[in-house]
Amino acid sequence: MSADRVLYDWTPDVRSYAVRLGLSLMDVECRMQAVDMDLPAPHHADGLLAGECPPVLECAGVRLTRPGTILHYIARQPDVARAWLDPAHEWAILDWLDFGVSALDTLASARGAALATAMPVPPATGALDAVLRRMEDHMAVRAMDGHDWFAAPAASIADVMLFVVFALSADVGVERDTCPALRRWARGLRALPGFAVMPGVPDYA
Amino acid sequence: MERWHSVSVLSDIRPGEVAGVRIDGHEVVLWREDTPAASLHAWEDRCPHRGMRLSFGFVRGDAMGCLYHGWQFGAAGRCRLIPAHPQVRVPASIHVRAYGVREHAGLAWVNMEGTDGFPDHATHWPDDVQPVRSVHVRRGATQLRQAIGLEAVDGMAWRGSVGLAVHEPVAGQAMLHVVCARSGEPAPTPAALSHWASRLRDAVESGNPTATIMGELA
């Protein structure tokens, strides 16, 4: 099965990490095709189409290029535990997943300005702050109601996407003690079997 | 009261948990033992070995372990195990700076200058208290205290059953801690109080009047 799935993966890319983390947590095997987008275009990787940027998932004739769609697709595979896209909470999960995809775009641009340039500058974090505020307010109330996860009784693909946003927000100077509810939630996600790290997301903190 | 800082609601620091907090820019690790006693500790957030943040570390029973090389620190911050040299009797001079810490009225209070001076008036606060949440506010503690009518010497402001405290992680930013007494006057649900605190935060940050929002608390 794994031979049929190929992920074009760029290690330091935040969207690629969201997909790698999802694959690992959902225990889905996939052949990784490493891509380095810092190289000139002809050297990116065999099989990546012009203008495409990782993550790209190729599977059974389907070619997907958006991290939210890829996680959604993986969660629908027959060998994946239903809890990742719990049918009883599907709309809430998809709503938070979509929120997470936009949030990840916001994070990626702020983080890019902070790290991935020749002359890093402290990025404007207003939009990211607003995103994290909404997440923190939501999880504070969820915790009071006895829930550990964003949208369902168990961890879902929404938690995967939102975790990447929160974990990497440390790179643009968001301090953990300002988001106690998210800190507790992120600690729970790190403890799940299959949790995977990336540069900037160690297995602590 | 000025030396005792309310740094967290107690529901955010359960047995076996570690949390880094800041007090006026000083990094403090708050951790609770994973033992039946479940004592709470507040130390300087810095391993004396290599300077690693202890808040990245882990709780092992009644000790706090540093993530970097596993040095373990027990009561009063004294190092009791260096895993690379398990036979060594660790000298008492190797220790983390321990701060005064108290659990009262649903909050963790830290005094970086010692353990005494917890004020008498605090004993009149209710102790059967439900912690609600800590909310980050992008305004200085002075401005936030003003908005909720809290004098720094008082430590907490009580509006009916709802208790409010403030601390300043760094200059220009504040944490608002919200708790609710279980007995006494009927109070809003924790979820309603959480939404209330978000609205108060938004009003304080945008410089809008807060009297109406405070008035909702009876």
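**Chain B against chain A**

Between chain B and chain A about 1900 Å² is buried, and carbon and sulfur atoms give 46% of that. Buried area here is the accessible area, with a 1.4 Å probe, that two parts lose on being put together, summed over both. On the chain B side, R22(B), F56(B) and R133(B) lose the most area to chain A, together 23% of what that side buries.

Before I go on, this is a predicted model: local features need pLDDT of at least 70, side-chain atom pairs count only at pLDDT 80 or more, and totals for chains, interfaces and linings use all residues. Residues are numbered from 1 along each chain as its sequence is written, chains are lettered from A and ligands numbered from 1 in the order in which they are written, and side-chain values use heavy atoms, with hydrogens and water left out.

Back to the interface. Chain B brings 31 residues to the contact and chain A brings 16 residues, where contact means heavy atoms within 4.5 Å. The rule finds seven salt bridges across the interface, each a side-chain nitrogen of Lys or Arg within 4 Å of a carboxyl oxygen of Asp or Glu. One of them joins D137(A) to R201(B), with the closest N and O atoms 2.8 Å apart.

Which elements of chain B each supply at least two residues of the side that touches chain A? They are β2 (18–23), β11 (129–137) and α2 (190–206); helices (H or I, at least four residues) and strands (E, at least two) are DSSP runs, numbered from the N terminus. The largest share, eight residues, comes from α2(B).
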